[in-house]
There are 2 protein chains.
Amino acid sequence: MIKIALLGFGTVASGVPFLLEENASKIEQAVGGRLEIAKILVKDESEKQRLVEAGHDYHFVTDVAEIMTDQDIAIVVELMGRIEPAKTFISQALAAGKHVVSANKDLIAVHGKELLALADQHQVGFYYEAAVAGGIPILRTLANSLTADKVTRLLGVLNGTSNFMLTKMVDEGWSYEQALATAQELGYAESDPTNDVEGIDAAYKAAILSQFGFGMTVDFETVRHSGISTITPADVTMAQQLGYVIKLVGDVRETASGLSVEVAPTFLPKSHPLASVNGVMNAVFVESIGIGQSMFYGPGAGQKPTAVSVVADLVQLGRAITDGQVISAFNGFAQETHLAQPEDVTNSYYFALSIKDEAGQFFKLAQLFAKENISFQQVLQTEGDGETARVVIVTHEMSLVQLDRVRTQIATADQVTLLNHFKVLGV
Amino acid sequence: MIKIALLGFGTVASGVPFLLEENASKIEQAVGGRLEIAKILVKDESEKQRLVEAGHDYHFVTDVAEIMTDQDIAIVVELMGRIEPAKTFISQALAAGKHVVSANKDLIAVHGKELLALADQHQVGFYYEAAVAGGIPILRTLANSLTADKVTRLLGVLNGTSNFMLTKMVDEGWSYEQALATAQELGYAESDPTNDVEGIDAAYKAAILSQFGFGMTVDFETVRHSGISTITPADVTMAQQLGYVIKLVGDVRETASGLSVEVAPTFLPKSHPLASVNGVMNAVFVESIGIGQSMFYGPGAGQKPTAVSVVADLVQLGRAITDGQVISAFNGFAQETHLAQPEDVTNSYYFALSIKDEAGQFFKLAQLFAKENISFQQVLQTEGDGETARVVIVTHEMSLVQLDRVRTQIATADQVTLLNHFKVLGV
């Protein structure tokens with residue numbers, strides 16, 4: 001029997017005992033023994049009392065020391081979220097020689113390196129399959145199945161909340177505000193939705209994917225991210241007319257100078273497998289030299305899907321404990337981190353611009369782009385109102401340096417306003 | 001250093017050294033040592049000479065005993081295909097205490113149980129990720145990541161050749177014959193395409209998926225399978241009109257009495273994630289109580305994708321050898337095999353019928369179905385030619401028993417001909 005402690009007993013955590021019970025015999029076969037929840041840390045006496053009254057007969061504790069000093073507890077599962085006290089508790093557990101399973105993407109994206117080093121030092125495992133794309137086993141797949149392959153690019157729809165909102169904006173023509181209000185009503189978005197809608201949550205996940213796909217530890221601060229709040233119904237309509245769907249996409253790829261890690265609203269060709277990932281579903285699309293193209297699709301959040309990933313980590317650790325084996329690192333792939341130079345990161349872009357509705361204005365606009373050596377794939381000028389006209393441009397590939405320069409050019413030009421610009425993925 | 005022998009040096013096998021070289025440092029990190037191809041079995045001296053002349057400097061042997069008696073060889077990779085001599089060679093290798101990696105779906109579907117027992121007896125590993133869906137790591141994912149989950153249904157587009165043909169039949173309106181001719185020209189279909197087009201290849205894979213998803217070893221003879229050769233352009237058009245796409249789908253699911261394993265052309269709702277799996281791509285769609293719905297998508301065949309799966313097996317075995325660990329079974333999940341009773345296997349069905357074009361005939365047809373308690377979801381009668389009319393029916397859920405009975409009824413009825421019938425997946 002292998003004893004486990006849970007830190008926190010929120011939504012995901014309470015899915016863990018459900019799975020351990022529901023699939024008891026399958027899990028016992030896989031582990032070669034039983035996984036038992038020995039102690040559960042809750043916030044205070046009142047939470048403890050509430051849970052006991054609700055009929056839970058676990059050994060609830062309010063002092064984390066009761067877990068850390070318990071020699072019988074082999075694995076600690078952290079499902080509290082946020083940075084502190086989770087970071088302190090995980091560090092204590094690792095230092096006490098306990099394996100740790102976590103779903104805490106914020107913490108792992110920002111402090112993962114330090115925690116992994118601590119795990120390594122104490123020869124224990126620190127596993128976190130549930131931290132990226134909830135129910136999709138993408139981290140273990142990258143670590144165990146794509147070991148023999150060389151990943152060149154990872155593209156992911158990594159945030160269910162924003163994907164739900166964008167799906168409504170595309171399918172139902174809702175505005176961003178309508179979509180957000182509904183997401184909040186349904187409990188998909190928090191009252192402060194910043195992390196979800198501004199690409200921060202997806203950026204955490206992109207940083208973690210960088211470790212598994214490319215063996216590189218990326219400083220979270222270097223992940224470029226932008227969100228969906230600036231997307232207008234006009235952009236959505238235009239995307240559809242041009243044959244695209246807008247999704248918030250995490251994009252981790254190798255360039256000549258190093259790794260580029262970015263989260264941004266992206267125009268995906270309708271035929272791209274990621275384009276049909278709708279609602280709260282997530283997916284990671286992998287480009288690699290061996291397999292070519294593959295995709296892993298599933299729910300990005302939710303009690304049971306996330307708990308499945310947590311218990312998969314528990315089973316792998318449990319099996320190693322049963323067999324008395326060396327605990328393998330969750331991700332054995334590491335190489336020196338090099339970040340891409342902006343001139344090596346190239347994309348096509350969509351620009352929505354407003355220009356004065358008079359002869360010669362479009363020519364001036366075209367000059368701005370030509371000056372930066374940016375060529376056009378598609379141009380669409382819709383009829384103006386006599387005052388201004390709306391111009392939409394999809395460019396050929398251009399670099400981040402060119403993007404910066406042309407934006408500066410536009411900002412300082414007379415009678416041209418940049419309404420919006422988004423990344424466009426080629427077919 | 002861990003020494004490997006390859007049995008056979010065809011397309012997939014020659015992808016293995018490519019990957020070992022291309023990703024040498026990543027693989028060495030994962031294994032904790034180097035994987036070296038020590039010997040390669042080829043058919044005869046003339047093949048050996050041809051390969052040497054082509055510039056390959058491996059140690060080619062023509063006598064398998066040179067591999068079996070070589071104590072330094074730890075892992076044997078069988079990529080010869082077909083049943084014999086592959087079965088004998090794998091048995092010899094396992095009995096000699098060597099781990100075996102194979103991509104031989106026919107062999108594993110039919111004789112897997114016996115070979116796994118032999119591996120178990122000699123405490124060696126027998127791994128075969130590449131046997132199902134080439135580059136998609138579906139077996140390892142089911143074994144290692146869905147351990148904590150209970151799979152209720154696996155649906156798969158498992159044969160690239162037939163999927164390529166069906167994609168052309170749907171997108172381009174080609175006939176079966178045109179699609180087959182092109183598949184043969186492109187080298188996707190063999191001169192005798194039976195295994196691919198009649199669902200036999202997909203049935204092998206469905207049998208193997210049954211082990212991993214449900215822990216049940218299914219006798220290959222009990223896998224119901226039908227193919228795509230009877231699909232007419234009229235069926236394809238009708239499917240589109242009704243909102244479906246036809247795919248050859250492997251369907252493994254739990255029913256009240258046990259497991260149902262079937263491969264059949266299936267009408268998939270256009271919104272189903274499997275409906276957009278086109279060309280030679282494969283995908284496995286998983287329904288489970290924990291994750292809910294997930295899908296794993298990628299190339300089903302090809303040199304490099306298949307070799308990635310082979311090398312992933314090599315890396316896992318290599319790591320265990322380096323660490324001196326107990327070799328885990330490729331799939332640790334086993335339970336007693338129960339097969340579904342036909343009355344518990346229910347589907348909706350599409351029936352295309354020809355009836356005499358006169359008053360009262362449709363009523364008679366409806367009576368045949370009503371008699372077997374089969375109700376209709378959709379009915380479409382197209383204008384007749386004065387002689388006969390074409391009727392298309394999509395039924396509500398009905399069992400295999402009802403299907404058999406109504407087919408008998410139709411066969412013996414006057415002036416009604418069953419043109420075709422296919423399974424229909426609900427939304």
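Which residues in α8(B) meet which residues in α9(B)?

1. Before turning to that, please note that this is a predicted model, in which local features need pLDDT of at least 70 and side-chain atom pairs count only at pLDDT 80 or more, while totals for chains, interfaces and linings use all residues. Residues are numbered from 1 along each chain as its sequence is written, and chains are lettered from A in the order in which they are written.

2. On the side of α8(B), B:T161, B:F164, B:M165, B:K168 and B:M169 meet B:Y176, B:A179, B:L180, B:T182 and B:A183 in α9(B), where contact requires C-beta atoms, placed from the backbone, to lie within 7 Å. The residues of this contact divide into 7 nonpolar, 2 polar and 1 charged.

3. Helix α8 (residues 160-171) and helix α9 (residues 176-185) of chain B pack at an angle of about 130°, with their axes 9 Å apart.

4. Between the chains, the contact takes 44 residues from chain A and 44 residues from chain B. The elements of chain A that give two or more residues to the side touching chain B include α1 (11-22), β12 (292-299) and α13 (303-322).

5. Within this contact, β12(A) is joined by 3 bridges to strand β12 (residues 292-299) of chain B, and the two run antiparallel. A:Y297 stands opposite B:M295 in β12(B).

6. Just after α3(A), A:G55 takes a positive phi of about 100°.

Note on methods: Axes fitted to C-alpha atoms, helices over the stretch in contact; angles between N-to-C directions. Helix = DSSP H or I, 4+ residues; strand = E, 2+ residues; numbered from the N terminus. Contact = placed C-beta atoms within 7 Å. Nonpolar A, V, L, I, M, F, W, Y, C, P; charged D, E, K, R; others polar. Pairing = 2+ DSSP bridges.
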